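Here are my notes on the model you sent. Please read them with the structure open beside you.

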Amino acid sequence: MSILVFLEHHEGELLKPSLGVLSKAAQLDDQVTGVVLGSGIGDMAAQAGKYGAATVLVVDKPELKAPLPQPRVDALAGLVRDRGFDTVLFAGSVLAADVAAGLSARLQAGLNWDLTDLVEQDGELVGKRPALGDSVIVDVGWKGEPRLALIRAGTFEPKETGAAASAEVEEVDGIFEDFSTAATMVEQAHAESEGPSIEEAEVIVAGGRGLGSPENFKLVEELAQALGGAVAATRAVVDAGWYPYSTQVGQTGKNVSPKLYIACGISGAIQHKVGMQASGIIIAINKDPNAPIFDFSDFGVVGDLNEIVPKLTGLVRQRKS
């Protein structure tokens, strides 16, 4: 098996979901290759060696400066054709999904998406994919090569192989189609946030409709700040305009896997469960003792969150001081 892992990056750092996929790939192929695409990307490639990459290919070209998919499809298609990779893995994100779909069309290759595991069975690569609202896991495969796979974000934790691990870094050229460079990014907006992003945070405090009003999100924000975590929300909340869509966790939002997830006023619909069930410890605060979220929480508190959350925040701050 010859595996290539797409290593997405932001602000000079390789993203945690990509490194998690790289660590998983290293368990399947001890000579796994990572690829970093961008412009002026510096020494990022060396980071990948700690997480299992034997080789890291770097395509550093001005055409790759903006986070647009088509130039990346060009670069990856050339690498797969020239070097004969039979498997290409992506960690789920908006950009990675676009690139994976474009590469699938370009190479006429099969793409399986939303995978939560990859295993070898009888010499064949098999993907594990949730179905029917995550109530069952089905096996999926590929009819030919190269095999493309988009892994659900947060599925795999990055695992360092050792402080001395290092990857062979190789700079390669990229050839781009005229139509791929026709698009221009005129503006790139960033959501303002004082804390970590929900994809990277080790602690998340999430709020649902049980908060009662958008003003009450201040309770969630203060607890998250005290814990050094990030704030998340449910789809009902963001649809109502209470909080930004960038914080939505769930089937139509983002998948997260923090060490601690505190759900405040969240009933626990299956769509929300899909996005946060990989969390280490789940704590639910809800006044309804029959709320579904208590069925999959590690700890549950039945009561008025307007009283409980401020007291919890105060205790955290007292302990930290």
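**Notes on the fold and its packing**

1. Burial and overall form. This is a predicted model. Of the 321 residues in the chain, 48% are buried. The chain holds 7 helices and 17 strands. Its radius of gyration is 21 Å, close to the 20 Å from the globule rule for 321 residues, so the chain is as compact as a globular protein of that length. Along the principal axes, the C-alpha atoms fill a box of roughly 60 × 45 × 40 Å.

2. Contacts along the sequence. Take the contacts between residues at least 6 apart in sequence: 62% of them join residues at least 24 apart.

3. Surface and charge. The accessible surface of the chain is about 15800 Å². Carbon and sulfur atoms account for 48% of that surface. The chain carries 26 positive and 43 negative charges.

4. The largest nonpolar core. This core has 30 residues. Val5, Leu22, Val36, Val56, Leu89 and Leu118 have the most contacts inside it. Two or more core residues come from each of strand 1 (3-6), helix 1 (16-28), strand 5 (55-60), strand 6 (87-91) and strand 11 (147-151). Helix 1 gives the largest share, 5 residues.

5. Leaving aside residues up to four places away in sequence, Val56 touches Gly34, Val36, Ala45, Ala48, Ala167, Glu168, Val169 and Glu170. Another core, of 27 residues, lies apart from the largest one. Its members include Leu76, Val80, Phe85 and Phe90.

6. Asp74. Is Asp74 buried or exposed? Its relative accessibility is 5%, and buried means under 20%, so Asp74 counts as buried. Asp74 sits in helix 2 (residues 69-83). Which residues does Asp74 touch, not counting those up to four places away in sequence? They are Arg106, Ile175, Phe176, Glu177 and Ser180.

7. Helix 4. The buried residues of helix 4 (residues 217-227) are Phe217, Leu219, Val220, Leu223, Ala224 and Ala226. An α-helix has 3.6 residues a turn, so residues three or four places apart point the same way. Against what do the buried residues of helix 4 pack? Their partners are strand 13 (203-207), strand 14 (230-233), helix 5 (235-239), strand 15 (260-264) and helix 7 (305-320). Just after helix 4 comes Gly228, with a positive phi of about 70 degrees.

Key: Residues are numbered from 1 along each chain as its sequence is written. This is a predicted model: local features need pLDDT of at least 70, side-chain atom pairs count only at pLDDT 80 or more; totals for chains, interfaces and linings use all residues. Side-chain values use heavy atoms; hydrogens and water are left out. Helices (H or I, at least four residues) and strands (E, at least two) are DSSP runs, numbered from the N terminus. The radius of gyration is taken over C-alpha atoms; the globule rule is 2.2 Å times the number of residues to the power 0.38. Buried means under 20% relative accessible area, exposed over 50%, partly exposed in between (1.4 Å probe, protein chains only). Contact means heavy atoms within 4.5 Å. Accessible areas come from the Shrake-Rupley method with a 1.4 Å probe; for residues, only the protein chains shown count as cover. Lys and Arg count as positive and Asp and Glu as negative; His and the chain ends are not counted. The place of a charge is taken as NZ of Lys, CZ of Arg, CG of Asp or CD of Glu. A nonpolar core is a set of buried Ala, Val, Leu, Ile, Met, Phe, Trp, Tyr and Cys residues joined through side-chain atoms within 4.5 Å.
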